[in-house]
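Dear colleague,

Please find the structure below, together with an account of what was found in it.

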There are 2 protein chains.
Amino acid sequence: MSARFGERVRAALLARGPLCVGIDPHAGLLDSWGLSYDAAGAREFGLRTVDAAAGRAAIVKPQVSFFERFGSVGIAALEDVLAAARAAGLIVIADAKRGDIGSTMDAYAAAWLTPGSPLEADAVTVNPFLGVGALDGAFALAERTGKGLFVLAATSNPEAEVLQRSSNERGETVSSAVIAEVSARNEQASPTGEWGSFGFVIGATVDWTDAGLTAFAPPAPILAPGFGVQGAAPEDLRARFGTMSDCVIASESRSILMAGPAGLAAAIDARNAQYLEVTHG
Amino acid sequence: MSARFGERVRAALLARGPLCVGIDPHAGLLDSWGLSYDAAGAREFGLRTVDAAAGRAAIVKPQVSFFERFGSVGIAALEDVLAAARAAGLIVIADAKRGDIGSTMDAYAAAWLTPGSPLEADAVTVNPFLGVGALDGAFALAERTGKGLFVLAATSNPEAEVLQRSSNERGETVSSAVIAEVSARNEQASPTGEWGSFGFVIGATVDWTDAGLTAFAPPAPILAPGFGVQGAAPEDLRARFGTMSDCVIASESRSILMAGPAGLAAAIDARNAQYLEVTHG
């Protein structure tokens, strides 16, 4: 646990493969699991998913909005899920997509990345709309605490294309400029040869050429939604991510969670086997 | 309370002036107020600010991060502050800057904009990095519940400039494209002659020409941070916002909150008088 976040992810992906199990207790899934649509249902859903993922997958990703929906009691449920996941040795990415400036951003970073905080995770997703520089306090905190960040760079939803492919005065797309700015911070913070701890969210269905993306250095974890129900299959991973494939954390939620509580462990094993054939085959 | 959000804001600004009192219980302010740096301190800070603002200002804006910092007990404190502010007849903007896609975004919108939700506010700030279209579920919910949204468009921090001034294939800056896309939704949702309920965050120190902004229609509330400590003064309002000046909600936090609990009411009255001279003089 003392390694820097980027290196911990690298080791976990090597040991267990790229699958990240999303923890998304939305109304439809709670209903199909026979759980109540409230904080207690979300808590139970999260704890059962953690139990099934422990020892089977490297990483889990609780989706904060589905807990926040229930207010403070939902956030208390999330705290229990985060603690259980970390105690089980899973790497926990809080998918919160927070983004703000100055002391406001610092407070978000402190909430999710401070050891001993009730919402402590291993990493949190963040939004760069206010500029990568606005996240500098979060980068600094993550560096100090051995935690990670995942910066939204190129998302897989079609509504995002116009904005994320707009270009700055240097001719870079928004997505590629975000990656360049964050990579410069990884370069500065990471010992040579190690992975950066400041990762990216890049959808598995994103066309890198159209999005203006190229392979980047130093390597850093790529959290890739878009596998599973959203359309990308494990066997697409190398074609999609090319020389960056080893950095990919393949995030799936519904495709696995729809197996229900009884089928969940088997679904995780089956899906991870498909990924391992691609990445470790 | 039955009017649509845009019209409620319009009436409130006419009745009381543009001042919006931020509720930002960060460490330094809690300390200077003699309050503990924990959820109880943040709750007390928020409730006292609500008491001072009630009857003096139209609008308050709790900054969610400073409550989230303390986890679920901080969010419970925020729930108390939101409820007290709404009970006092203040318009409450939850400054959460949430942004996601699909059912995830819907859950955020439901958390903040559903009547009876523990986190119910009158409006919430949202982030368009994943595309204005990704917020459509939130627009629809706000329309159904008579609530409002404030979409980040052009923020006042210098780190944001490169991204927010990138241009799309139609030659629009990111900021102006966001305003155009949201305005089209206001056009569709708002009866002729009424203000839209989908507002914007545009910093008071933003240069509209440099940011590619022009006056927009239909009118909609503009939440403008950047007054007070950040550099803009009440007398700058008309020069900064031109023909859109009547839409401006002038948000101040530290400049007012640093008066301390004993001086808060007087600070609000004094500051609002300065604004009223400009907008109602």
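How many strands form the closed barrel of chain B, and is their pairing parallel or antiparallel? The barrel has 8 strands in the order 1-2-3-4-5-6-7-8, with parallel pairing; strands pair if DSSP finds at least two bridges between them. Helices (H or I, at least four residues) and strands (E, at least two) are DSSP runs, numbered from the N terminus.

This is a predicted model, in which local features need pLDDT of at least 70 and side-chain atom pairs count only at pLDDT 80 or more, while totals for chains, interfaces and linings use all residues. Residues are numbered from 1 along each chain as its sequence is written, and chains are lettered from A and ligands numbered from 1 in the order in which they are written.

B:Phe200 has B:Ile222 as its bridge partner in strand 7 of chain B.

Turning to the interface, 43 residues of chain A and 43 residues of chain B take part in the contact (C-beta atoms, placed from the backbone, within 7 Å). Helix 6 of chain A gives the most to the side of chain A that touches chain B, namely 6 residues. Because 100% of the interface residues of chain A are also interface residues in chain B, the copies meet through the same surface.

Yours sincerely

Conventions
Contact = placed C-beta atoms within 7 Å.
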